[in-house]
Amino acid sequence: MSNVSCFAAVAVAALLLSAAPSRAQDSIASVPRELLDDIAVGSRILADLGVVDAFGHVSARHPTNPSHFLMARSIAPAQVTADDIMEFDENGEAVDARGRTVFLERFIHAEIYRARPDVKAVVHTHSPGVVPFSVSRTPLRPLYHNAAFLGAGAAVWDIGKEFGATDMLVRNNAIGKSLATALGDKSVVLMRGHGDVTVGAAVKVAVFRAYYTDVNAKLQAQAIGLGTDVSYLSAEEATKADGVNMVIMDRAWALWKQKVQAGK
């Protein structure tokens, strides 16, 4: 083959590759690449911030099929890319597994999306700061403005009360439904001896809440340890502060996103 022919063949191949959709876009129809990227970036942000380690997951409701949701295959949060995202049906079953392993606790997401039409994103973590509040009688309350969403309350769900002695995992729809019921209309629910779940109207909102739930828990434990009365946000202060946070949240998201993308 002449040099000219070789060059032409390479050029055609490059053109075809550039025109081809990404694996993620090709495998999940009608889902914007931006949403897939948000799930991946949100997962890596929470790992970078120390809220998740090898465990935990971020999901988003499917934008055109609201009974379905999107979540990564079973992989550590820090390693998630857009190409790892899969589609799941309303029961938490993979639409097209293609041999990929899936998270055991996907039923957390399935049942919350079923129960809460307003929720567009769900985060599950084993937050180190939160776990002590899941096993004590001290309620998690908003200590400062970034965690103002806690002003609406954070229920504690105890898997043992309904299901007896288990491995503490949300491994089916019945357990997931119980958790979703405990969440109610709140943004956060703590899981006894396990972690927590946060929800929001977008991935960045659920991620923001997951991070600041952990931060607030650590600060609250420190404040209680000082041995004097603690001043928490009032209901009115929490409502006003949360309104501001929803407006300026993009600042935090942009910073966190820049950091994890720079570390690729």
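Of the protein's 264 residues, 45% count as buried (under 20% relative accessible area; exposed is over 50%, partly exposed in between, with a 1.4 Å probe and protein chains only). This is a predicted model: local features need pLDDT of at least 70, side-chain atom pairs count only at pLDDT 80 or more, and totals for chains, interfaces and linings use all residues. Residues are numbered from 1 along each chain as its sequence is written, and side-chain values use heavy atoms, with hydrogens and water left out.

**Whole chain.** Colour by secondary structure. There are 9 helices and 7 strands (DSSP runs numbered from the N terminus: helices are H or I with at least four residues, strands E with at least two). The protein exposes about 12900 Å², 56% of it supplied by carbon and sulfur atoms (Shrake-Rupley areas, 1.4 Å probe; for residues, only the protein chains shown count as cover). Of the contacts with a separation of 6 or more, 67% join residues 24 or more positions apart (contact: heavy atoms within 4.5 Å).

**The sheet.** Select the strands. They form an open sheet of 7 strands, ordered β3-β2-β1-β4-β7-β6-β5, with mixed pairing (two strands pair if DSSP finds at least two bridges between them). Go to β3 (85–88) and β5 (155–157) at the edges: each has a single partner strand, so one side of each lacks a neighbour in the sheet. Neighbouring strands are turned by 25° against each other on average, direction ignored (axes are lines fitted to C-alpha atoms, for helices over the stretch in contact; angles run from 0 to 180 degrees between N-to-C directions).

Zoom in on β1 (residues 57–61) and β2 (residues 69–72). They run antiparallel, joined by 3 bridges. Pick Ala-60: its bridge partner in β2 is Leu-70.

Now show helix α8 (residues 203–225). The helix packs on the sheet and touches β1, β4 (121–125), β6 (188–191) and β7 (195–200). Its direction makes about 145° with that of β7.

**A loop glycine.** Select Gly-151, in the loop between α5 (131–134) and β5. Gly-151 is partly exposed, at 42% relative accessibility. Leaving aside neighbours within four places in sequence, Gly-151 is in contact with Pro-142 and Ala-238.

Move to helix α9 (residues 235–262) and find Ile-248. Its relative accessible area is 38%, so Ile-248 counts as partly exposed.
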